[in-house]
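Trainee: I'm new to this one. Could you walk me through how to read it?

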Amino acid sequence: MTIPPGITARKEELYRLINKFNYQYYAIDNPEVSDSEYDRLFRELKQIETDYPALLTLDSPTQRVGGQVLDKFSQVSHSLPMLSLDNMFNEADLKAFNKRVKGWLNSENTPTYIAEPKLDGLAISLRYEQGILVQAATRGDGNVGEDVTINTRTISSIPLKLNGSGIPEVIEIRGEIFITKQGFESLNKQQITDGKKPFVNPRNAAAGSLRQLDSRITANRPLEIYCYGLGEIKGLAKMPGSHSAAMSMIEKWGCRISPELQKVSSIEACAAYIEQIGERRNNLAYDIDGVVFKVDDLYLQQRLGFVSRAPRWAIAHKFPAQQEMTTVEGIEIQVGRTGALTPVARLTPVFVGGVTVSNATLHNQDEIDRKDIRISDTVIVRRAGDVIPEVVQVVLSKRKEKSKPFILPNRCPICDSEALRLEGEVILRCTGGLYCPAQRKEAIKHFVSRKAIDVDGLGDKIIEQLVDKALVDDPADLFSLKVEQLSALERMGDKSAENLVNAIDLAKNTKFSRFLYSLGIREVGETTARSLANHFLTLDALKEADEEVLIEIEDVGPIVARSIVTFFHQTHNQEIIERLLMAGLVWPIEQQQVTNTLLSGKIVVLTGTLEELSRSEAKEKLLALGAKVAGSVSKNTDYVVAGRDAGSKLTKAEGLGVKVVDERTLIKWIR
């Protein structure tokens, strides 16, 4: 057969790529491409070798099972090869496999199969002699693996000794080492905390954990095992007649097998099992990438035998890839209802996890920096079930030379307000809460809530209609609504509209603290709003306060002070507040006449336990006398009232030379 030009060169290129990816995946636990990309290349090479048999050589990757053995571990020759399975991807492939099995057996009957999930972990062979674990080896290249006995002994789900009766002289039990989803999440959190690189996926984590030179590291990793088969056996009194019986036998001896293992006796039952496991895939405690089917009868397995790298009696159904490789075409910023700025990668569309994905969340700046994601990067994208797609890893070898790190903007892309990241937070937020269209509905809902302005009858659904119909853009617009505008809304009659207009008008008479809370200033809750109102008494006084003055107030720290100053310095916030005041919002100045000139305008700090008054009572009395009650001591503090067990505030006051008085003096001031 004449081989067309270019086919031989393509075969050699596929050899090079597949061998390179095998090394990255198996040897150094640092995969550069997704599983689906590897599978595509592997299928392409198999097709070339099928079409042109003269190109098939003994060193072809299709004739090998796994990766190569690392020099850092001693080598173990498997008494029986640990072979891989051929793959199928749809029901037609399943029927074709069953047809081949029946043909090889010269039978019209479909044999009974054993079905179980295909775990995404690391294959292991456990050798027991006289029931004692004497050796554990990885798959390696299928014939020679790595000796990981010491590390394997640290895994609690692997029995060091088989228990029960009928244990043979020698038995090799084969299984899959894996890490659960929860274990993987905890492990990666610890990696990040320790300043180390997080693992790409649970399989990568399991392989890296088992192949540590220091077994103490392995012992601290959440490794588990499910056993799925047998290798060499010597001295077993009675061989089981089926795979299911063999698994039941080793389970009685203390080995874990998959709880999902099930007998299926028809192709329809096999297809139903695939569908059922596929639906539950995302709810399983561990990652799987498919389903394995094996002929249950061991005698039939023996008759069927092997071909090259795979048994004839087993096959793996592969689920749609949950990871794919694509390109970041751009990064856009979305603004959420609470002002959070979230970077989103716009991707070259790619089919992954059963759907076409064109966007993936990048979460925040820290996540972008940690993964070093840039525009034009080639990336691996993951999607599992209904989980929002995310970028797992950048393929650095494909990065363009002139690419630059991506930095989130310091202005909101929707309203151009300043975007701030407060200390201790990972989220960048827009400060234009009253003004920003992206936050409009939530800002209005908060403004009219019970603990804020409290507009009776103005619920969420009405607010959504008002905004959607462009009747209200910000809270100030509420006070110009007419009965005829409201009566045109869904489920709103004339009487209801009239009642709502009256309720809005009634809400104009409020309290200063409620008004401050209604503005939705970041970090300013009810208590802080009350402290601000009691301290400043007027809106003008609060607007003029700087951060240094604000942090003197109880309940206000540096982060809250910065939020307040930033809010009142935004021009659009000033405009909306002015419109609210023009609409008629008013509140009484609840200040008692100050008769004690000693405390008028003085800054007082309370510390320790008071005997006659509670802290809140003392604060209220001091405010009534014109004092300003602060939560911390500074050079501007006039008095510190020290009760029993006063601590660091008293020490600081003495160090600064601030006058300290006791509760008896406080009582005299009050009386």
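Mentor: Start with confidence: pLDDT is the predictor's confidence in each residue, from 0 to 100. Here the protein chain averages a pLDDT of 88, and 96% of the residues score at least 70. This is a predicted model, where local features need pLDDT of at least 70 and side-chain atom pairs count only at 80 or more, while totals for chains, interfaces and linings use all residues. Residues are numbered from 1 along each chain as its sequence is written.

Trainee: Over which residues does pLDDT stay under 50?

Mentor: That's residues 592-596, for which the model has seven contacts beyond four places in sequence. Contact means heavy atoms within 4.5 Å.

Trainee: At what angle do α20 and α21 pack?

Mentor: Helices are DSSP runs of H or I, at least four residues, and strands are runs of E, at least two, numbered from the N terminus. Axes are lines fitted to C-alpha atoms, for helices over the stretch in contact, and angles run from 0 to 180 degrees between N-to-C directions. Helix α20 (residues 558-569) and helix α21 (residues 571-582) pack at about 75 degrees, with axes 5 Å apart. Angles of 65 to 115 degrees count as roughly perpendicular, so α20 and α21 are roughly perpendicular to each other.

Trainee: Which residues make that contact?

Mentor: α20 brings Phe567, Phe568 and His569, and α21 brings Thr571, Asn573, Gln574 and Ile577.

Trainee: Which element gives the most to the lining of the second largest pocket?

Mentor: α5 does, with six residues. α5 (181-193), α11 (365-371) and β18 (390-394) each supply at least two residues of that lining.

How values were computed. Heavy atoms only, no water. Parallel < 35°, antiparallel > 145°, perpendicular 65-115°, else oblique.
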